[in-house]
Amino acid sequence: MAIKKTTKSNLITIAILIIIYIVCQILIATGSMSNLMKGLLVPLCYYSIMAVSLNLTVGILGELSLGHAGFMCIGAFASSFFSKTMVDVIGNTFIRFTLAIIIGALSAALFGMIIGVAVLRLRGDYLAIVTLAFGEIIKNVINVLYIGIDRNGLHFSMQDSMSLNLLEDGEAILNGPRGITGTPKNATFTIAIILLILTYVIITNLVNSRSGRAIMAIRDNRIAAETMGIPITRFKILAFSISAGLAGVAGVLYSHNISTLTATPKNFGYNMSIMILVFVVLGGIGNLRGSIIAAVILTLLPEYLRFMQDYRMLIYAVVLIALMIFNWNPTCIQWRENHSLKNYLPMFFKKEKEGL
Amino acid sequence: MKMKRMFGLLLVLSLVVASFAACGTKEGGSGGNDKFYIGGMGPLTGDAASYGLHVKWSAEIAVEEINAAGGINGKQIEFRFEDDEHDPEKAVNAYNNLKDWGLQVVMGAVTSGPSVAVAEETKNDNMFMITPSGSAPAVVKYDNAFQVCFSDPNQGSASAKYISDKGLATKVAVIYDSSEVYSSGIYEKFASEAKNSNFEIVAAEAFTADSKSDFAVQLQKAKDSGAELVFLPIYYQQAVLILTQANDMGYKPIFFGCDGLDGILGVENFDTALAEDVMLLTPFAADAQDEKTQNFVAKFKEAHNEVPNQFGADAYDAIYILKEALEAGNVTPDMSTSDITEALKKEITQLNFDGLTGAGMTWKATGEVNKEPKAVIIKDGAYTLFD
């Protein structure tokens with residue numbers, strides 16, 4: 001019975017995502033969607049993927065990771081590099097982009113595994129600090145990497161783009177702090193929403209599987225889990241690298257949605273990692289649907305507050321605090337329960353009212 | 001319980017989705033406009049905020065002047081500037097938001113990364129874009145984008161040529177910010193140009209955004225290598241520290257910089273005596289004696305109690321360049337965005353524009369500006385033209 005309930009809940013989430021997708025497509029087709037919103041559709045999907053995948057680490061595995069943006073960064077750069085070099089070789093956009101997604105996910109998962117082996121021996125605060133450091137290291141290493149390509153093959157340097165010694169026909173693809181420019185813009189809303197649904201399915205399936213129960217057992221009581229014979233490190237690394245790989249997918253969408261890719265503190269620094277963590281905490285730790293909703297609301301908010309001009313970020317912070325209190329303060333939860341219309345009206349009608 | 005809360009949130013979500021539809025009705029800037037809708041985006045918050053603010057304020061001054069004098073072809077300008085937080089992703093959002101407002105011409109973005117991202121979008125929409133200060137070459141990759149400032153490689157080669165032609169030094173050290181697009185762009189071109197010059201680079205020391213407070217190591221290396229001139233293709237915030245630390249070390253080479261050094265005299269608690277004899281290639285000097293500059297600087301100071309920097313001057317010019325090109329093409333605001341773009345693309349290559357940042361500015365179809373760099377030297381705490 002319990003399993004059935006979760007399956008139902010998962011199907012509802014997927015159905016909602018599909019409905020939103022259809023509504024958006026209708027709005028676009030009839031020309032009634034604003035340009036701002038059209039431009040935000042893909043970002044909303046990749047931020048949701050980020051939030052859902054971090055929820056796997058924070059909510060399901062129960063470890064605090066502050067370096068999630070680092071994995072996004074790896075996925076973004078690896079896939080962008082691939083697309084840029086292969087743009088003339090593989091003409092078919094679909095095949096190229098699919099490969100790019102796989103490459104982004106695998107390289108991020110690989111780094112997740114490498115970092116996981118080193119890091120997951122630590123617990124609690126220490127783990128948080130080390131993941132934070134790894135996130136920064138990834139960003140800084142990419143900022144000193146120069147990779148170019150010419151007819152002799154690839155050239156690497158950590159000095160500057162001149163020491164690549166490229167031939168006349170060569171091109172510096174990854175140009176240190178200037179990053180990669182001119183990634184083909186392949187990410188569409190359709191692909192993004194499919195990836196989001198896929199991410200959701202992967203994580204819910206993992207959670208409801210044998211491995212998932214083992215992971216949650218580790219979270220709930222490490223010693224008991226170990227006594228039961230659960231290989232702790234293995235499951236921790238499994239969860240951590242899946243989470244990293246999915247963040248890599250978000251990175252692929254990010255880099256293929258914007259033509260310039262640089263690893264700045266703004267987009268791949270710890271600020272971003274913490275922002276993703278905020279999505280997770282606000283949406284509810286361990287609650288995947290909540291993560292998506294929080295990611296959507298908190299990404300839209302600063303854009304829709306643009307009319308506030310200089311007060312935009314101030315209002316954003318205030319709204320964030322208010323939302324946190326509204327969501328998690330016991331008094332607020334009590335109040336919402338008391339004022340719920342569920343008791344009086346049919347369920348579906350109630351939904352309409354509550355939101356108003 | 002949990003389900004219920006989720007439903008509530010979902011409903012909020014669907015309402016938000018519904019609201020997009022509501023505000024989506026005011027679409028596009030094509031047809032029926034009685035005003036020119038010019039918009040820009042730049043960092044108004046965060047580290048690079050001073051650049052964005054100066055661009056915004058200066059452009060507003062120019063728009064006010066033009067509107068007071070009767071507008072462009074008799075039509076007023078509506079100007080709006082959005083925050084992009086120095087982030088390409090946010091810059092695209094800002095651009096889309098401006099499009100909903102009715103944007104016809106882009107005057108932005110302020111920094112390079114966002115400019116590249118916005119250029120990609122304007123290309124798709126065929127919208128004319130002139131960036132006051134996005135100096136990376138990738139910004140003007142497409143035919144609809146133009147620059148007011150020098151491109152980074154141009155500054156690098158101009159600096160190398162200047163040092164070489166004037167015989168300022170035979171041994172040159174460079175201190176640059178390898179994590180900054182602007183700085184490394186200039187440095188690389190400078191270094192490759194130096195190979196054909198009569199000086200040699202004896203030390204090239206980099207620092208990054210994470211280590212930009214102590215320059216003792218870099219300065220010591222420059223000193224040990226016997227460099228007579230230190231080239232600083234960096235922003236003035238770090239240059240101030242370098243000058244102070246070099247003075248403490250008793251190292252007194254010639255310091256030579258690019259337009260990023262502009263603003264150095266306005267730094268609080270900085271002893272401007274240390275900047276004495278510093279040379280910089282900049283298209284704009286706030287205390288130039290011509291009437292245009294003085295008028296602009298006076299208005300800017302009055303409104304914002306600050307001395308405008310080169311970014312501001314570029315933005316002020318950008319608005320006037322748009323005005324001249326729009327007038328030359330007899331463009332009216334009720335034309336479609338695409339027609340305006342085509343007209344501007346044609347007219348700007350025929351302009352010969354005299355502005356704050358240079359006289360006789362011309363553009364090729366590639367989008368790069370052609371203007372003379374001015375070398376100024378700081379004497380008694382003020383810029384003096386150096387020749």
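In which sense, parallel or antiparallel, do strand β10 and strand β14 of chain B pair? In this predicted model, the two strands pair in the antiparallel sense over 4 bridges. They belong to a chain whose secondary structure comprises 11 helices and 15 strands. The radius of gyration of chain B is 23 Å, close to the 21 Å that the globule rule gives for 387 residues, so chain B is as compact as a globular protein of that length.

**Overall dimensions and packing**
- The C-alpha trace of chain B spans about 65 × 65 × 40 Å along its principal axes.
- Of the 387 residues in chain B, 59% are buried.
- When contacts in chain B between residues at least 6 apart in sequence are considered, 70% of them join residues at least 24 apart.

**Surface and charge**
- Chain B carries 31 positive and 55 negative side chains, and 4 Å separates the centres of the two sets.

**Strand pairing around β14(B)**
- Strand β10 covers residues 279–282 of chain B, and strand β14 covers residues 374–379 of chain B.
- Thr282(B) has Lys374(B) in β14(B) as its bridge partner.
- Strand β14(B) is also joined by 4 bridges to strand β15 (residues 382–385) of chain B, and these strands run antiparallel.
- Ile378(B) has Tyr383(B) in β15(B) as its bridge partner.
- Strands β14(B) and β15(B) form a hairpin with 2 residues between the strands, in which Asp380(B) adopts a positive phi near 50°.

Notes: Residues are numbered from 1 along each chain as its sequence is written. Chains are lettered from A and ligands numbered from 1 in the order in which they are written. This is a predicted model: local features need pLDDT of at least 70, side-chain atom pairs count only at pLDDT 80 or more; totals for chains, interfaces and linings use all residues. Side-chain values use heavy atoms; hydrogens and water are left out. The radius of gyration is taken over C-alpha atoms; the globule rule is 2.2 Å times the number of residues to the power 0.38. Buried means under 20% relative accessible area, exposed over 50%, partly exposed in between (1.4 Å probe, protein chains only). Contact means heavy atoms within 4.5 Å. Lys and Arg count as positive and Asp and Glu as negative; His and the chain ends are not counted. The place of a charge is taken as NZ of Lys, CZ of Arg, CG of Asp or CD of Glu. Two strands pair if DSSP finds at least two bridges between them.
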